[in-house]
Structure formats: structure tokens, C-alpha cells
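Please work through each task before reading its solution.

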Amino acid sequence: MTLDPDSRCPCCSGDTYGACCGRFHSGLSAGALPPTAEALMRSRYSAFVGLDAAYLLATWHPSTRPATLELDETTQWRRLDVVRTTAGGPFDTQGTVDFAAHWREGGDVSARRGVMREHSRFVREGGRWFYLDGDAS
């Protein structure tokens, strides 16, 4: 799924996708890297919205990254709420982000809805943030 650069960013930052997560999705190979653990987490959420498995794998730490990633096209990610961050700044080497991601499956009256909550851990190596792992609830 292609996200419109002029539309509102799915990560709920209030910015356009092109000025927010889109610059990381399209510029990862050119050096456009999220400067914080929270920015990486937001860009990963937007990658789930846009079904961008390549970006998700590229930003997953090699020690915990799966060989492949199959994304469920029936899940619609509706809203992201960042609950809390710990460290994860431009000069840190570790950080955590607690978030709630609201989802829906199906487009009619019988649609299932839910919230995925996760305490995510990130590490910064070589000046670049990676998703390490998380505890979902």
C-alpha cells in the first residue's frame, strides 16, 4: 500500500507523511534515519499501516529480527498513542517506548476492534536506532 506524502502521517504526529515517517521510509538507504527511539517506533507503526515489511525488517535489530515478515492486509491500524518513553534520545544507546496501537479488522458493522499495547525496547548502534524487542499486552 502506498501512503500519500501530502496526507496526515499515520503515526499521529500531526505532520504530513512526507515530512514525518515518509522521509525515513524512502530515505533509509540515503541516510535519513530516525533520530530517537520514539521516532523509529512511530515510523515502524506507519510502516505497518503502509504494509512496508522491508522497512520493518531493516529497522529490526539483527539479533532478534525474523528471516521474513508477513503482514496481515486485513488489519487496519487506526491510531497510535505514545504512552511513555524512557531515554532513547539522540545521544542515548538504549530506550523504551510504551504505546497503544488501535486496530480494526473488517469494514462493515461486524468489524472487530482492539488495542495492541507494547513496551518496546530499542538500541542505538553505529548512530542508528533499531527495534530490539517488546512485551505486548
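The model is predicted, and it holds six salt bridges.

**Exercise 1.** Determine where Arg42 and Glu38 lie, and state whether Arg42 is buried or exposed.

*Solution.* 
Step 1. Both Arg42 and Glu38 belong to helix α2 (residues 37-49). They are four residues apart, about one turn of the helix.
Step 2. Their side chains form a salt bridge, at 3.0 Å from N to O.
Step 3. Buried means under 20% relative accessible area. Arg42 has 17% relative accessibility, so Arg42 counts as buried.
Step 4. Glu38, with a relative accessible area of 25%, is partly exposed.

**Exercise 2.** Identify the salt-bridge partner of Arg112, and classify the exposure of Arg112.

*Solution.* 
Step 1. The partner is Glu105, and the closest N and O atoms are 3.0 Å apart.
Step 2. Exposed means over 50% relative accessible area. Arg112 has 51%, and Arg112 is therefore exposed.
Step 3. Glu105, at 23% relative accessibility, counts as partly exposed.

**Exercise 3.** Explain which parts of the chain are tied together by the pair Arg121 and Asp133.

*Solution.* 
Step 1. The side chains of Arg121 and Asp133 meet in a salt bridge of 2.6 Å, N to O.
Step 2. Arg121 is found in strand β3 (residues 112-125) and Asp133 in strand β4 (residues 128-136), so the pair ties together parts that are 12 residues apart in sequence.
Step 3. Arg121 is partly exposed at a relative accessible area of 26%, and Asp133 counts as partly exposed at 27%.
Step 4. Through salt bridges that share partners, Arg121, Asp133 and Asp135 are joined into one network.

Key:
Residues are numbered from 1 along each chain as its sequence is written. This is a predicted model: local features need pLDDT of at least 70, side-chain atom pairs count only at pLDDT 80 or more; totals for chains, interfaces and linings use all residues. Side-chain values use heavy atoms; hydrogens and water are left out. A salt bridge is a side-chain nitrogen of Lys or Arg within 4 Å of a carboxyl oxygen of Asp or Glu. Helices (H or I, at least four residues) and strands (E, at least two) are DSSP runs, numbered from the N terminus. Buried means under 20% relative accessible area, exposed over 50%, partly exposed in between (1.4 Å probe, protein chains only).
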